[in-house]
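Here is a friendly note to read with the model open beside you. Take the points in order, and look up each place as you go.

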Amino acid sequence: MANSNEEILAGLAEIVNEETGLATDAVQADKSFTDDLDIDSLSMMTIVTLAEEKFEVRIPDEEVKNLTTVGDAVAFIAQAQA
Amino acid sequence: MSKPTLAQRPTVAGSRLLSVGGVRGENLVPNDDIVGPINSSDEWIRQRTGIRSRARANGDTTVKDLAVGAAQDVLAKASLTGSDIGAVLVSTVTHFEQTPSLAAMVADAIGATPAAAYDISAACAGYCYGIAQADAMVRSGAAEHVLVIGVEKMSDFIDPTDRSISFLLGDGAGAAVVGPSDTPGIAPTVWGSDGGQAGAIYQTHSWLDYRRAELGEPVPTDTPELAEEVSQITSPTLRQQGPTVFKWVISSMPEIARRAVAAAGLELSDIDVFIPHQANMRITDQLLKLIDFREDVVVGRDIADTGNTSAASVPLATERLLREGQAHSGDIALQIGFGAGLVYAAQVVILP
Ligand SMILES: CC(C)(COP(=O)(O)OP(=O)(O)OC[C@H]1O[C@@H](n2cnc3c(N)ncnc32)[C@H](O)[C@@H]1OP(=O)(O)O)[C@@H](O)C(=O)NCCC(=O)NCCS
């Protein structure tokens with residue numbers, strides 16, 4: 001089932017909120033996971049795992065380092081669902 | 001003329017843990033003592049792993065010494081002697097002899113000869129694998145009392161310049177005696193393997209490659225990195241793909257834990273104590289988030305000072321919870337081991 005980019009962003013924001021306690025509206029497409037949201041590599045792995053389950057996609061481990069911003073993750077998930 | 005019928009042993013109704021115990025390496029080595037060669041810091045290690053120190057044994061303490069120490073502890077706690085033991089199962093990846101087994105040597109050292117004795121290779125899941133086998137042996141009548149030991153002297157195996165896994169690892173031995181019981185004390189084990197991910201936690205090269213390189217024979221290698229490693233005749237050591245392992249555990253182990261609880265005929269709310277393999281405190285915290293235990297579930301967190309002692313970590317964490325009074329005899333505990341293989345095993349037990 002394909003989600004719109006807005007739905008993916010909202011879903012990711014919920015996951016980030018669960019994992020880090022950050023407010024969902026702080027999770028914007030242009031934000032960098034590490035530099036802006038202060039998410040470390042293990043939290044990132046958790047977010048990726050939960051996103052895989054939520055959006056029913058596979059995000060290979062090698063791909064994770066390319067997901068610099070929230071927007072990168074949204075784009076990857078949208079493309080993986082297509 | 002009809003064939004004679006074979007005799008088979010009558011089965012025993014139940015099995016349980018009669019005692020759990022162990023010993024740790026003599027020295028608690030703080031982060032500051034190991035960060036130099038890996039360009040790390042106390043802060044980084046605490047933040048990523050929750051580890052403050054790891055137990056490391058003295059140079060002249062052997063893996064057998066640690067195993068015998070744990071065996072003596074659990075025999076005393078169960079008011080048994082070596083001669084009461086019908087089988088000795090030792091899980092280890094740091095007994096550096098292909099043969100004979102460490103189990104046979106330990107059995108002899110504790111006066112359990114002629115008990116059946118063999119080693120198990122299931123890395124960090126080895127103790128839970130051992131409990132599964134011991135339960136089956138006791139209930140099938142193969143042995144009345146089984147001694148299960150998880151032991152590692154990781155300091156003999158690690159590379160102090162390796163950033164991927166060495167700083168996590170500690171030395172120690174944990175053990176349990178499993179024996180017959182009128183009431184069920186060990187629920188069915190949910191276990192398995194995924195050898196397709198053998199590369200997630202691995203030995204840099206085989207002992208055979210090491211031997212060939214030493215003899216100057218050609219070493220067939222898959223990769224230039226391996227060829228380089230072997231050409232220097234460095235002895236084999238451990239490495240891991242940390243993020244891959246982290247992801248595997250948090251994506252797969254919650255379901256294994258839930259299945260083990262269901263196999264015991266229980267609800268998650270029945271679990272008093274959760275004793276995961278002490279891999280990384282962040283893994284433990286994430287498992288707690290993902291599995292709906294009771295708010296007041298008691299959790300094994302021995303890793304903070306002991307580090308990750310692989311096969312010894314689950315019994316050492318159990319021993320500590322009991323000794324410090326956080327968990328009590330009769331509590332219902334879920335224990336789960338996972339690691340190199342990849343392999344995993346989980347079972348619900350009644351604490352002794
Ligand atoms: C090993 C583990 C702590 C590594 O942490 P991580 O956050 O996944 O590390 P990564 O490899 O993603 O690297 C992230 C950053 O930390 C750095 N780093 C890696 N290891 C480091 C170390 N030992 N010390 C300091 N920095 C380190 C990396 O260089 C990288 O820096 P960068 O972001 O500037 O490039 C972690 O993956 C882990 O514990 N995984 C579970 C494995 C496990 O428990 N196995 C036990 C056997 S069952």
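1. Let's begin with a term: a polar contact is a pair of N or O atoms within 3.5 Å; within protein, one must be able to donate a hydrogen and the other to accept it, and residues adjacent in sequence count only if both atoms are side-chain atoms. Across the interface of chain B and chain A, this rule finds ten residue pairs in polar contact, both at pLDDT 80 or more.

2. A word on the ground rules. This is a predicted model, in which local features need pLDDT of at least 70 and side-chain atom pairs count only at pLDDT 80 or more, while totals for chains, interfaces and linings use all residues. Residues are numbered from 1 along each chain as its sequence is written, chains are lettered from A and ligands numbered from 1 in the order in which they are written, and side-chain values use heavy atoms, with hydrogens and water left out.

3. How many residues of chain B are in contact with chain A? There are 13 of them, and they meet 15 residues of chain A; contact means heavy atoms within 4.5 Å. The area buried between the two chains is about 1,100 Å², with carbon and sulfur atoms giving 51% of that. Buried area is the accessible area (1.4 Å probe) that two parts lose on being put together, summed over both.

4. Five salt bridges are counted between chain B and chain A, each being a side-chain nitrogen of Lys or Arg within 4 Å of a carboxyl oxygen of Asp or Glu. Have a look at A:D40 and B:R282, which form a salt bridge with their closest N and O atoms 2.9 Å apart. On the side of chain B that touches chain A, α1 (42-49), α7 (242-263) and α8 (281-290) each supply at least two residues. The largest share, six residues, comes from α7(B). Helices (H or I, at least four residues) and strands (E, at least two) are DSSP runs, numbered from the N terminus.

5. Now for chain B as a whole: its secondary structure comes to ten helices and 14 strands. Its C-alpha trace spans about 65 × 60 × 40 Å along the principal axes.

6. Finally, find B:I271 in the loop between α7 and β11 (273-276) of chain B. Is B:I271 buried or exposed? B:I271 counts as buried because its relative accessibility is 0%. Leaving aside neighbours within four places in sequence, its contacts include B:V261, B:L334 and B:F293. The C-alpha atoms of B:I271 and B:F293 are separated by 7.0 Å, although these residues are 22 apart along the chain.

Key: Buried < 20%, exposed > 50% of the residue type's maximum accessible area, 1.4 Å probe, protein only.
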